[in-house]
Amino acid sequence: MTAPALEFKGVGHAYDGVPVLSEIDLAIAPAEVLSLVGPSGCGKSTLLRLAAGLEPLSNGSIQIAGQLVSGKGVQVPPEDRRLGFVFQDIALFPHLTVTENVAFGLRRIGVPVRRQRVLAALEQLDLAGFADAYPHTLSGGQQQRVALARALAPDPKLMLLDEPFSGLDARLRDRLRDETLDLLKAGGVAAMIVTHDPEEAMRMGDRLAVMSEGRIVQCGTPSELYRHPASAFVAGFLGEVERFVGRVDRGSIVTPLGAVPAPGLAEGCAALALIRPEGVVLEAASAAGLPRAHVVDARLLGRTSLIRFWLDGLPTPLHSRMPGDFLPEPGAAVSVRLDCRRAHVFPLESVPVSADAAASPQPPGPDPG
Amino acid sequence: MAESFLPGADSVGKAGGALPAHRRFRADLWTLGPLVLAGIIALPVLAVLAQLFLPTGEVWRHLAETVLTRYIVNSLLLGAGVGVGTAILGVTSAWLVTFYRFPGSRLWEWTLLLPLTMPAYVIAYTYTGLLDFAGPVQTWLREAFGWTREDYWLPPVRSLPGAIAMLTLVLYPYVYMLARASFLSQSVCVIEASRTLGLGPWRTFLSVTLPLARPGIIVGVSLALMETLNDFGTVSHFAVDTFTTGIYRTWFGMGEPVAAAQLGATLLIFVAALLLIERRSRGAARYHHTTGRYRTLPTRRLSGAAGLFAAAACLLPVGLGFLLPVAVLGKWAIETWTSTIDARFFQFAGNSFILAAISAGVSVTIALILAYAQRRRPTPLVVLAVRLAGMGYAVPGAVIAVGVLLAFGAFDSFIDGWVRSTFGSSTGLIVTGSSAGLIFAYSVRFLAIPVSAVEAGFARVTASMDGAARTLGERPGGVLRRVHAPLLAGSALTAGLLLFVDVMKELPATLILRPFNFDTLAIRAYQMASDERLRDAAAPGLLIVLVGIAPVILLSRAIARSRPGQMRE
């Protein structure tokens, strides 16, 4: 079995005594792309900088391809780690042309080979026409391409990308994401991509590591995390949810939308039910035994439509995400069916629950996206 | 933050466990260095201030009773006049050039800076020679109209109003420069918002553009006033008694160093007030940018009479502050070249150039060390040290010179005495008796130029660039060579050039500190003018002006580039 491309063992870190990372254990397999995702300030960029050696490690150890690079009295400087790093602020050298920027890391290679490598890198990223341009004359997307080409040119086996697409507009971002992923996969390069955007993380990562407050709270494939979140935080971070608080009654939590099974939770225990809008299925015809609701409005968002509806007795409207052709008129009466595969229940310790059995909605938290 | 990969902190862990102590020592060196440097640089000013606590009794009372009031009143009147004058000339020209297109407006953009090359004393000598009784203007009036001395009256050049006029003509570019930079940095959106809210162009200028530029204008006027307080040559030639002439006379005429230093300390109160105003306005100027969106500023075309009027408004300061005096200087220099351009002239020029070059090199090196220390670890102490080291631009050259004499005079005598008693030979005065003291004084006075330039240069080198270079396999030394050096070279060179020219122009500190029989171009011009040989002062004066033109061109290009969005760098 080959050693992981990058492995953190018990990594902890503090800035001036303030802990920012604790007990990080994480391994990236060769040629695997891992997305490190979490709200801003959770320590994900620090983890990336520690891996690159741009930051001295306080606790634990880091190995690259089975070799100890940080920890236990060892601190291999960044230039000896043979990895590629793409910075959030792009950080092209303004005094060098595109070609010179890309060739920066190829100093130790003979001139003819170097020229070939630079040309190939420029070719790959559609930059051949800008070889002699200076960075400030390029658009944001082109600059980001140069940064990618520069990091990839020395042919690293490990790439670290720090919010690489955050400065770009949506359409460009999508294109560059795909191109980057293709390049990484084609070269068999292992990569760790830091992002605060869950959609980007799921789109790019073979696996996702979700971070919160300096810890990795869950790690797995995008579908594992989306379908089986380990905590309310992960569920809420990876997508929109409606939140309801209640007590476990006969193995499930009763929400205004219907009962959600709460396997493994003790009877009477306080719990939080999270329901994704796509788990809330609206039906035009009234069906017996289903809650009734009135449509506030319905918007087409491309593939799906987002419907806001009003459920009797609730203070705020709820959301449903339906396939795009379902667009009821405002005011239309609908019935609500709950798809329990899109609902998750987590035990709740600290939130007081009123005595009555029916779960009450919880005001939505700040949007994690 | 990311200090670990900056050069100097390299390959920390290769040696293994001894790392923390090692790092702490390095950090201390980089904190201590700037503090020591700043301390040495502050020494002259501290020496002057320390004299406040020494008793002088008779001399000070005598000064206070006789001349002190005159110094204060003259300085205040001079300051008020120059302040109003530079504000009017500077803001008007900046406004015209920035918001209107008219005949020659592109040309005026940078020619308006040219008077900056003209030392105040040189322009003062020129106008004195031009307008006094024997000068060409009065001679022509007499010959053309057959007048005699009693038939006409012209305001005397050598007077307080004359000094105000001279200083205004050469100092307004400070206001022009900063007002223009403020206008250029304003967002079009703010101006357009005002227009859509129903204000006409004129009222928009008065209620939006001008107030937004006010901090910049105040900074410019403050700088002009600092230069006014620093001026020695003009007021001395015009016999307008101010602090600088008083300090010089008290030290060299009356032989009273303590009283001279106390005059200097009093002058520092005025300086401190200006410095406070300037600093606060600089802070305000930074917060006056409300949006980050910029587009090319709209300019209106002025044609016909309005265009000619605008062109004339720009020609007036450029013509009177540069073209006319340069023409006169050139004419005089040609007329007198057989007697003035001799071997000694080249020696003066050589002295000036060598002093200027060494001072530029020393100052830029100090600035690089300070800025590097600040970039590595911007602790409050280091930042304070760097700020302190850059304060000299506000302190008049005469005060710095007196401070250098006080601070190093004792040191020199001590070394000399010790060597004499130990080895039986004399070292002479190693600092104050050689050009070392002069170079030190120049570095103190002008250090702000390279410090701010190098800081601005470093702002372009982001921490990520260091990181990028390191992850691309470059060692710290290589990062310094391949990334930092090329990115800083431009600003360091520009700063060196500006400093070079300022040293060439400097008069009061040079006059006080120059070694015996060591004359520069500035000294030569001063001596000729003091001997009423104004035409013989033209050649050295003209050379100083001509050398000064190169950095002005650089400066004007830097301003044009400074507008965000206009041309990205």
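Residues count from 1 along each chain as written, and chains are lettered from A, with ligands numbered from 1, in written order. In this predicted model local features need pLDDT of at least 70 and side-chain atom pairs pLDDT 80 or more, while totals for chains, interfaces and linings use all residues.

Visitor: How many helices and strands are there in chain A, and what makes a run count as one?
Guide: Chain A has 8 helices and 22 strands.

Visitor: Why is helix α1 of chain A called largely enclosed?
Guide: A residue is buried if 20 or more other C-beta atoms lie within 10 Å of its own, exposed if 12 or fewer, and partly exposed in between; C-beta atoms are placed from the backbone. In α1 (residues 44–52), 9 of the 9 residues are buried, so the rest of the structure largely encloses the helix. Among them are A:Lys44 and A:Arg49. Just after α1(A), A:Gly53 has a positive phi of about 85°.

Visitor: What makes β1 and β4 of chain A a pair?
Guide: Strands pair if DSSP finds at least two bridges between them. Strand β1 (residues 6–15) and strand β4 (residues 59–64) of chain A have 5, in the antiparallel sense.

Visitor: Which strands of chain A stand at the edges of the open sheet, and why?
Guide: The order is β2-β1-β4-β5-β6, with antiparallel pairing. β2 (18–28) and β6 (74–75) of chain A each have a single partner strand, so one side of each lacks a neighbour in the sheet.

Visitor: How do you know that β8 of chain A is mostly covered?
Guide: By the burial count: 5 of the 5 residues in β8 (158–162) are buried. A:Leu158, A:Leu160 and A:Asp162 point one way, A:Met159 and A:Leu161 the other. In general, side chains in a regular strand alternate between the two faces of the sheet.

Visitor: Which strands of chain A pair with β8(A)?
Guide: Strand β7 (residues 84–86) runs parallel to β8(A) over 3 bridges. There, A:Val86 partners A:Leu161. Strand β9 (residues 190–195) is also parallel to β8(A), over 5 bridges. A:Asp162 has A:Val194 as its partner in β9(A).

Visitor: Why is the unit of β8(A), α5 and β9(A) called right-handed?
Guide: The test is the path from first strand over helix to second: clockwise, with the strands pointing away from the viewer, is right-handed. The unit through helix α5 (residues 170–187) of chain A is assigned that hand.

Notes:
Helix = DSSP H or I, 4+ residues; strand = E, 2+ residues; numbered from the N terminus.
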